[in-house]
Structures are given as C-alpha cells and as structure tokens.
Amino acid sequence: MSKTYSIEKAVYAGVDVGASHTKVALIDTAGHLRGHGVRKSGVNFSATAEMCLADALQMADCTADQVAHTVSTGYGRHNVTFASGTHTEIGCHAKGSYFYFPEAITVIDIGGQDNKIIKLDSNGRRISFKMNRKCAAGTGAFLEEMATRLDIPLSDMDGLARKSTETVNIGSYCTVFSATEVLEYIRHGKKVQDIIKGLFVSVIRRVLEMDSLTEKVVMTGGVVAHNPYLIDLSEEQIGRRVWTPPFPQLAGAIGAALYAKATQTSDNE
C-alpha cells in the first residue's frame, strides 16, 4: 500500500527472510544504500523482519513513514506482514548482484541452508539458475555443524583456515559422513586449521559441482561475508578472479529494495 510522503525523502525497503538470517536493506531514490539490518531469523519471521527494519531505519536516520514501498523475498517472504509485495529469491539475488556488476555475470550465492548459481546476460536477464536445497553440504549450516564438532566459535573459522599449512581432503557429500571424517582427522592428530581449510575447499567443490561458471563470477551470501577466505580459495579452484558486491550478505535484500523502488516508478507512470 502506498503512503503519503515526500518523494525526495522516500526510501525503499527490501526484506530477505532466509532460513538462517533475516536481512533488510533501505535504498533511496538514487538507489544508494542508506541503512541495513541483519538478525537471526529465529521462529517468528515477522517480528524479526520488523526488528531488522527498525535497525535499518535507525542507521539511515529515517522514520517508518518515509518507507514508500517494501518488497519481501526469501524463504519466509510471505510472513512479512508489512511488505507491499513479494518477489522470488532468485530474482532478487540476480537484481541485487547486477546492480553492482551491470554485465554478463554468474552469481554464486552461498546461503545458510541452500546454494544458488544464477547466470545473467549483459542486460541482466536470467539465462539459467540452479539451486541446491535438499542437502546441507556446501552451505552455512554445514560449516556451523562442523564448528560445533570442532568445538570452536563459528566466527573463528576464517582466521584459523588462513593459518593452514596443509589441506586435508574432505571427500564426503553428506554432512553426517563429513563429521565422521573430521573426527577421524582429529584422532590422527591433524591440526584444526588444516581441517577447517579442508572444509572450506569442500564447500567450494560442492558449489562448483552444481553448474559450470561463465563470464565474470560474483559471490554473494552470508557465508562469504563472514568467511572471505572462501573467495581466495574459490579463485584458486577456478583459476580466475572472483568478485563480491560491497555487502555480500545483503544482495537479496538490495534486490528486493530495487523491486520496491521500481514499484514506486510504476505507480507514478
């Protein structure tokens, strides 16, 4: 529903409710990111989305009345009661990535519960997409489970992996079997940092098995945002540069905000 507001001061909200985290992005009429909020999705998606929006509004120094339109996306997009529209997560991740890289690109999104590979042409039109959501291998949930097995904070994984001097091979496709492999490596005295690097390489291999990579490769998602070493390892695996937008975890939310802004443009036509 449209509101009464000044066009010059209007902002547009994108809400990406993932199974793991909820992200909100606020953009202005020029498309600039003004504020954002990220929290664990928890069990009440609507309440979490409202808290993320409040965080984003505070960062942007805006009021709720300035939000002209809100579009939600992601796993729990239909739970966002204050959204004026919804859009698919594939479409929003594509739009958010193309906004920063307006050319033919392949988007790799590594999320908390699923992975996506989206191919766009030079006009931003989707050529194809693949999504893996039936298995946790290669996702953020996989790394979270392995951090628990190794008894280390999830936030320490990136720094530890960078200290590795030997990469152990994690060959299993299943999270449960991978955990068994990790226990075996611990029993044989392998260093934790080497095991973590092996887990990171395993994540990349699971993603690369989903589809071929063409054109410029762009990586997004919370896993990459919190573990940037995955970018370096991906470049080693595929033999060329991998790009990321300024806020990889917000790609879907920014795409949703861009759809919200496009709604406003349509209203005024």
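C52 is buried, with a relative accessible area of 0%; buried here stands for under 20% relative accessible area, exposed for over 50%, and partly exposed for what lies in between, with a 1.4 Å probe and protein chains only. Before I continue, please note that this is a predicted model, in which local features need pLDDT of at least 70 and side-chain atom pairs count only at pLDDT 80 or more, while totals for chains, interfaces and linings use all residues. Residues are numbered from 1 along each chain as its sequence is written, and side-chain values use heavy atoms, with hydrogens and water left out.

Let me stay with the cysteines. A disulfide is taken as a pair of cysteine sulfur atoms within 2.5 Å, and by this rule the count comes to zero. C52 is in no disulfide, and the nearest cysteine sulfur, that of C92, is 16 Å away. Seen from C92, the closest cysteine sulfur is that of C52, at 16 Å, which is too far for a bond. C92 also counts as buried, at 0% relative accessibility.

I turn to the sheet. Helices (H or I, at least four residues) and strands (E, at least two) are DSSP runs, numbered from the N terminus, and two strands pair if DSSP finds at least two bridges between them. Five strands form an open sheet in the order 3-2-1-4-5, with mixed pairing. Strand 3 (33-40) and strand 5 stand at the edges with a single partner strand each, so one side of each is left without a neighbour in the sheet.

Helix 1 (residues 45-60) lies across strand 1, strand 2 (21-28), strand 3 and strand 4. Helix 1 runs at about 145° to strand 3, where axes are lines fitted to C-alpha atoms, for helices over the stretch in contact, and angles run from 0 to 180 degrees between N-to-C directions.

Next, the nonpolar cores. Such a core is a set of buried Ala, Val, Leu, Ile, Met, Phe, Trp, Tyr and Cys residues joined through side-chain atoms within 4.5 Å. The largest has 35 residues, of which I108, I110, L143, M157, L199 and F200 touch the most other members. Among the elements that give two or more residues to this core are strand 6 (105-110), helix 3 (140-150), helix 4 (157-162) and helix 6 (192-208). Helix 6 gives the most, with eight residues.

Which residues does F200 touch, not counting residues up to four places away in sequence? They are L143, M157, D158, A161, N227, Y229, L230 and L233, with contact meaning heavy atoms within 4.5 Å. Apart from this core lies another, of 16 residues, among them V17, V24, L53 and C62.

Finally, the salt bridges, each defined by a side-chain nitrogen of Lys or Arg within 4 Å of a carboxyl oxygen of Asp or Glu. A search of the whole structure finds 15 of them. One joins the side chains of D55 and R39 (2.8 Å, N to O). This pair links distant parts of the chain, with D55 in helix 1 and R39 in strand 3, 16 residues apart. D55 is partly exposed at 24% relative accessible area, and R39 is partly exposed at 33%.

Another salt bridge joins E103 and K216 (3.0 Å, N to O). E103 sits in the loop between helix 2 (89-100) and strand 6, K216 in strand 9, and the two are 113 residues apart. E103 is partly exposed, with a relative accessible area of 30%.

The side chains of K130 and D211 also meet in a salt bridge (3.9 Å, N to O). K130 lies in strand 8 (residues 126-132) and D211 in the loop between helix 6 and strand 9, so the pair ties together parts 81 residues apart in sequence. K130 is partly exposed at 38% relative accessible area, whereas D211 is buried at 17%. Lastly, salt bridges that share partners join D109, D114 and K116 into one network.
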